[in-house]
Amino acid sequence: MNQMLSDDKRYGVDEADTKRTIMIDYGGPNVAKPLHVGHLRSAVIGESIKRITRFMGNEVIGDVHLGDWGLQMGLIIKELSERQPGLPYFDPGYIGDYPTEPPFTISELEEIYPTASMRSKEDSDEGRAYKDAAMQATYQLQQGRRGYRALLSHILNVSVSDLKKNYEKLDVSFELWKGESDAQPDIPDMVEKMKAD
């Protein structure tokens with residue numbers, strides 16, 4: 001400790017002999033949902049590792065890795081379609097431009113998901129039908145349905161803007177703001193490669 005204190009520039013930490021580019025995935029928040037204590041732990045630990053590794057002279061890229069794909073998105077789409085059925089996103093024949101402003105605020109979005117999730121878990125015919133419809137919406141989103149992709153874009157914009165504010169309060173930053181949906185275009189080629197090997 002005394003040696004560290006006497007070195008006011010490097011605190012006894014040697015620079016790495018071989019500089020590397022290192023990517024660290026330490027975010028993992030789900031869009032449309034508030035951060036919870038589990039996110040706090042990974043954010044603080046990940047940010048610390050990033051700073052220490054960077055201090056050693058490495059190039060470090062922090063990746064938030066958003067949870068933005070799967071049934072969660074279908075549930076939001078299903079709930080929103082019931083609340084605002086007249087929105088153009090739900091008309092499969094719509095060919096115009098979609099609105100640039102999202103049809104919800106972050107507060108509304110953070111209420112929509114838990115409501116939809118609870119409805120999908122109801123042990124009733126209505127609950128099962130609701131979940132089936134959400135699963136179908138998820139499938140259509142993943143198959144590229146234009147209106148649902150536009151809604152996903154709104155969900156991401158609203159959520160990421162809010163997440164950035166919250167992470168800034170924690171003094172945590174990420175260089176990459178990519179999510180699971182960003183990997184979707186690469187999956188078919190990856191599956192084919194794995195089958196071939």
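Predicted model: local features only at pLDDT ≥ 70, side-chain atom pairs only at ≥ 80, totals over all residues.
User: Which residues make the contact between H4 and H5, and how do they divide by class?

Analyst: On the H4 side they are Ala116, Arg119 and Ser120, which meet Glu126, Gly127, Tyr130 and Lys131 of H5. By class, the contact of H4 with H5 holds two nonpolar, two polar and three charged residues.

User: What makes H3 and H4 roughly perpendicular?

Analyst: The axes of H3 and H4 cross at roughly 100 degrees and come within 9 Å. Angles from 65 to 115 degrees count as roughly perpendicular, and H3 and H4 are therefore described in that way. Helix H3 contributes Gln72, Leu75, Ile76, Glu79, Leu80, Glu82 and Arg83 to the contact, while the residues from H4 include Leu109, Ile112, Tyr113 and Ala116. The contact of H3 with H4 has seven nonpolar, four polar and five charged residues.

User: How do you know that the length of H4 agrees with its number of residues?

Analyst: With 15 residues at 1.5 Å a residue, H4 should span 21 Å. The C-alpha atoms at its ends are 21 Å apart, so the two values agree.

User: What places the buried residues of H4 on the same side?

Analyst: The buried residues of H4 are Leu109, Ile112, Tyr113, Ala116, Ser117, Arg119 and Ser120. Around the axis they cover an arc of only 160 degrees, which puts them on the same side of H4. An α-helix has 3.6 residues a turn, so residues three or four places apart point the same way. The face of H4 turned away from the buried side carries Ser107 and Met118, which are exposed. Helices H3, H5 and H6 are among the elements that cover the buried residues of H4.

User: How do you know that the buried residues of H5 line one face?

Analyst: In H5 the buried residues are Gly127, Tyr130, Ala134, Ala137, Thr138 and Leu141. Viewed down the axis of H5, these residues fall within an arc of 100 degrees, so they line one face of the helix. Their cover includes H3, H4 and H6. Just after H5, glycine 144 has a positive phi of about 100 degrees.

User: Why is histidine 39 called buried, whereas histidine 65 is called partly exposed?

Analyst: Buried means under 20% relative accessible area. Histidine 39 has 9% and therefore counts as buried. Histidine 39 lies in helix H2, residues 37-55. Beyond its neighbours within four places in sequence, histidine 39 is in contact with Gly27, Gly28, Pro29 and Asn30. Histidine 65, at 30%, counts as partly exposed, since that term covers values between the buried limit of 20% and the exposed limit of 50%. Histidine 65 belongs to the loop between strand E2 and H3.

User: What makes the phi of histidine 65 worth noting, and where else does a positive value occur in a residue other than glycine?

Analyst: Most residues other than glycine have a negative phi. Phi of histidine 65 is near 45 degrees, a positive value. Aspartate 171 also has a positive phi, near 60 degrees. Aspartate 171 lies in the loop between H6 and H7. At 52% relative accessibility, over the limit of 50%, aspartate 171 counts as exposed.

User: Why is alanine 16 called buried, and alanine 183 partly exposed?

Analyst: Alanine 16 has a relative accessible area of 18%, which is under the limit of 20%, and is therefore buried. Alanine 16 sits in the loop between helix H1 and strand E1. Leaving aside neighbours within four places in sequence, alanine 16 is in contact with Met56 and Asn58. Alanine 183, found in helix H7, has a relative accessible area of 35% and is partly exposed.

Note on methods
Residues numbered from 1 in each chain as written. Heavy atoms only, no water. Contact = heavy atoms within 4.5 Å. Helix = DSSP H or I, 4+ residues; strand = E, 2+ residues; numbered from the N terminus. Nonpolar A, V, L, I, M, F, W, Y, C, P; charged D, E, K, R; others polar. Expected span 1.5 Å × (residues − 1). Buried < 20%, exposed > 50% of the residue type's maximum accessible area, 1.4 Å probe, protein only. Arc of directions from axis to C-beta. Axes fitted to C-alpha atoms, helices over the stretch in contact; angles between N-to-C directions. Parallel < 35°, antiparallel > 145°, perpendicular 65-115°, else oblique.
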